[in-house]
Amino acid sequence: MAKLKPFKSGPVTARSMPFWCVANELGDPFGKTVLEHLPSTEVCKIICEAAADGLIEMTSFHDGDLVPWDPKKPEDDLDKKSEAYGTLQEIKGMLKEAGLTVNTATCSLHTNPLFRRGGLTNPDRKIRELARKKVERTLRIGNMLGAKYFTYWVARDGFEVSVKVPWKNVHQWMADALDGVFDYIQANKLTNYKGGTIEPKPNEPRGHMFLPTSGHAVGFICGKLKNADFWGVNPELLQHESMTLLNALNTVSFLVSTGKLFFLHFGCQIKGQFDNDFPPLVGPEGLKETVQMFWLLDELRWKGVVEYDSHMLRCEGDPDDQIGCRRKFVRNASTALTVALELADRLKGDWAKDLDESEADILGIMKMCGLSEKAMADKTRKK
Ligand code: XUL
Ligand code: MN
């Protein structure tokens, strides 16, 4: 078994590359997928290789990224003769060999059309029951692979038509389901879990989501969940917050101050657009906000895991080099994080103290880009 060198840089204690990001086949609403489906063990190979290369220390998954789900066999993971059990054991062995640990296990309640009206908040009691069983299976899979967290991403728990929403029930259904997660972990002594997270998102795939922002998630945790201390938030920055023009620094400082920033999902985004899921630092905007976010996390003395959550650009998918383009994607993500942390480091110190806002912002850019203040002043005045 490989022992990975710990990653410690500024606020970041480990870098996690999830299965779903590497596996992404790059389909979109306007066109077919660019890449082929890879079996989960093949995806795992790419992830393990990245760990051996010193690029990542952790990974994460949805249940469905590892093994298919058959609603008629809700406990196949417990059956040692099942295909699911065999695949999960194989993946467990590969991760162990590579020295990779698991950050979070999350349940896919978005892919199967059964959940088209929602998972935890589906108006049909039988579908909510199915969602509960699928969540419990995911918790067991996470336990088998040693996941530190269970994540509830809001998936299809949202709406398009306001007058059709069971408003009197939705929040309670969500609370019952998440309290159920805590109870299941306790009852089955799944001691690998140190917490659960909510990942808010304003819209997509639904018109509106019931937990659209980090503020909603914290309010929901503190106001409605029985074991609020167990639960935190993993905001997706820049993407989910930027979709509604929110600012990453405002989000992380709020979450750190409320003790709810458990880990980050990390990628890039054009403000106000659909969920771009651009790779970190890639795209026409976001550099300044990303760098300042890591600067602030360091100032706030926050320490934790950064988990990439993006996919390569659709135009970068190479059907003739299915593995190669995925390897490049992982490498680019970790390179971008290194760059962001390095640039954030240049902002340390109290140089902004006696400056007005505009001066501070411009000097911050000079510092970030390694430009000399004097050289810039000379060029400006044409000396
Ligand atoms: C979707 C998203 C998800 C979650 C995990 O926007 O971010 O991939 O992170 O289900
Ligand atoms: Mn995410």
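## Manganese site and helix H10

Glu236 is buried, at a relative accessible area of 1%. This is a predicted model, and the values below are computed from it.

**Metal site.** Glu236 (OE) coordinates the manganese ion (ligand 2) together with Glu199 (OE), His265 (ND1) and Asp309 (OD), at 2.0 to 2.3 Å. Along the chain these donors are spaced as E-x36-E-x28-H-x43-D. Glu236 belongs to strand S9 (residues 236-237) and His265 to strand S10 (residues 264-266), so the pair ties together parts that are 29 residues apart in sequence. His265 is also buried, with a relative accessible area of 2%. The arrangement around the manganese ion (ligand 2) is irregular, because its 6 donor atoms subtend angles of 76 to 166°. For reference, ideal angles at a metal with six octahedral donors are 90 or 180 degrees.

| Residue | Relative accessible area |
|---|---|
| Glu236 | 1% |
| His265 | 2% |

**Helix H10.** Helix H10 (residues 287-299) has 13 residues and reaches 18 Å from its first C-alpha to its last, close to the 18 Å expected at 1.5 Å a residue. Its buried residues are Glu289, Thr290, Val291, Met293, Phe294, Leu296, Leu297 and Asp298.

**Packing against H12.** The axes of H10 and helix H12 (residues 357-369) cross at roughly 85° and come within 12 Å. At that angle, H10 is roughly perpendicular to H12. On the H10 side, the contact involves Leu287, Lys288, Val291 and Gln292, which meet Asp361, Ile365 and Met368 of H12. Val291 is among the buried residues of H10.

Terms used. Residues are numbered from 1 along each chain as its sequence is written. Chains are lettered from A and ligands numbered from 1 in the order in which they are written. This is a predicted model: local features need pLDDT of at least 70, side-chain atom pairs count only at pLDDT 80 or more; totals for chains, interfaces and linings use all residues. Side-chain values use heavy atoms; hydrogens and water are left out. Donors are N, O and S atoms within 2.8 Å of the metal (3.2 Å for Na, K and Ca); water is not among the atoms, so sites may look incomplete. Four donors count as tetrahedral if all angles lie between 85 and 135 degrees; four count as square planar and six as octahedral if opposite donors are over 155 degrees apart and all others between 65 and 115; anything else is irregular. Helices (H or I, at least four residues) and strands (E, at least two) are DSSP runs, numbered from the N terminus. Buried means under 20% relative accessible area, exposed over 50%, partly exposed in between (1.4 Å probe, protein chains only). The expected span of a helix is 1.5 Å times one less than its number of residues. Axes are lines fitted to C-alpha atoms, for helices over the stretch in contact, and angles run from 0 to 180 degrees between N-to-C directions. Angles under 35 degrees count as roughly parallel, over 145 as roughly antiparallel, 65 to 115 as roughly perpendicular and the rest as oblique. Contact means heavy atoms within 4.5 Å.
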